[in-house]
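Hi everyone, thanks for coming.

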Amino acid sequence: MTTSGPIRVRGAAILALMIIALIVGAASAEQIEITVRYPQKDQKLPAVDSTFILGQVTPGASLEINGIKVPVHQSGGFLAYLDVSPGDFMFKLKAKRGKDSAKTDWPVLIADRYRAVPRDSLGILKGYRAPSDDAELTAGDLLEVSFRGTPGGVATFSIPGVIPQRAMVESGFTPDAGWGNEVFGSGALADTATVAGIYRGSVYIPDSAVGTVLPVVFTLRIPRTNIKGVNKLSQMPSIAIGDSAYFELADTAAGKISILQNDYPHVVELIDSVQTVRAGPARGYVSIYQPKGVRFVSTGRHSTWRRLRLAPGWPAWVPDTSVVDLPAGTPAPHSYVKTIRCTGLHDTARTELFLDEKLPFQVEEHLDENLFVLRVFGVTSDTDWIRYMNTEGLIDRAEWSQESEGVYRLNVYLEQFLIWGWDCYYKGNTLVLDVERGPKATPSFKDVRFVIDPGHSKDPGAIGPTGLKEAEANL
């Protein structure tokens, strides 16, 4: 009886040790995870010699990618900029924590700027046939096509039933110096070699063209004397044309063409809170801060981008997900401007244009002239009045003009003062341009409120290494 107490104590201690061992064992046996956020698996990347790779590993693990040590944040996030090579490329990731490790192979495809078909081979290269994405065009649009194939041939393209065979020209290209060399280097070419076997062609879509999801068909005829043993690179069949001295090869572009009818305007409306309008798909800016509800005429599509018409001769592009199609028969957006009102509100120079609906606009700053240029698209001038209210010290004058068909231009000349910022927005269908006058002196920032990027649109925005979305990070 006197030994029963110590026996129970030793038993409890042994049980506790067993539990601890199980916990430690489970922790050490926790599987290490590797997640790559960018690039996507099997993603096709442009012709680059290096690229970003980002993602997350189990916190506490170290990481190597292709034998290079990559710093890992305490949260497990990682970001690296690594060399790549053209063609099928593999990122080999290896994470390690203690005795445990995990591996992941992550394949991508890097475009080869200099890839060409040998002169003694018969083929059209996969991945180098444009258009590479589906597109929507209208009558009068220019369709540009190209492919890479055996040099020295005769090439044509067609859209069966819509556009008969059209000639293509073998142009090749001279490698450029690359933006990095242009910005930071001498800008000179490393070499002057050209890549042969690049065939290009173009055609304006005829008024009579009709159809959806139409293929672009290429043909390439190569002299038999150029091909030794017919080393075929294409999976499409080659055809010997009778007893002629040519082989013929046929293939299709990766993207399909749909031709829109111009019998009524295709009107769309912005559904995002603030949208940037661009000069081309993912290209430079035409205008920023276009608010929800602004309407455009849609004239086409390329991949995931929608082409818009601001006014005749003013094309623009937005992501397809940022607009909604309005019902067929919706009138093309248009308005007249009869009255302009300029108002001084303490430190705000306000200019208002009264429109019939929300239309796209563009703001230019010319600070050396204390001038703001406001263009409104889809507007015809009918302006009789410019009213000035308490504008002393803020607005000198406003001048309007019909710059071109569908483009209304308003020049707002300000008095000489420090410009603190500006905003252009809609109140109902009234377009408002506010220019703020800065303080003469700011001795202290006490009680001054700063707002930095509050909120976000429905678009999740960029995604970080740990999967955190930009919309979640914003206030």
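**A walk from surface to core**

Let's start at L79, which sits in strand β6, covering residues 77–83. Strands here are DSSP runs of E with at least two residues, helices are runs of H or I with at least four, and both are numbered from the N terminus. Please keep in mind that this is a predicted model, where local features need pLDDT of at least 70, side-chain atom pairs count only at pLDDT 80 or more, and totals for chains, interfaces and linings use all residues. Residues are numbered from 1 along each chain as its sequence is written, and side-chain values use heavy atoms, with hydrogens and water left out.

Stepping back, the protein chain has 3 helices and 38 strands. Of its 475 residues, 38% are buried, meaning under 20% relative accessible area with a 1.4 Å probe, protein chains only.

Now, inside. Which residues touch the most other members of the largest nonpolar core? They are L374 and L431, in a core of 40 residues. Strand β36, residues 407–414, gives the most to this core, with 5 residues. Apart from it lies another core of 27 residues, including L137 and I257. By nonpolar core I mean a set of buried Ala, Val, Leu, Ile, Met, Phe, Trp, Tyr and Cys residues joined through side-chain atoms within 4.5 Å.

Let's zoom in on L431: leaving aside residues up to four places away in sequence, its contacts (heavy atoms within 4.5 Å) include F361, L374, V376 and Y425. Thanks, everyone!

Definitions and conventions:
Buried means under 20% relative accessible area, exposed over 50%, partly exposed in between (1.4 Å probe, protein chains only).
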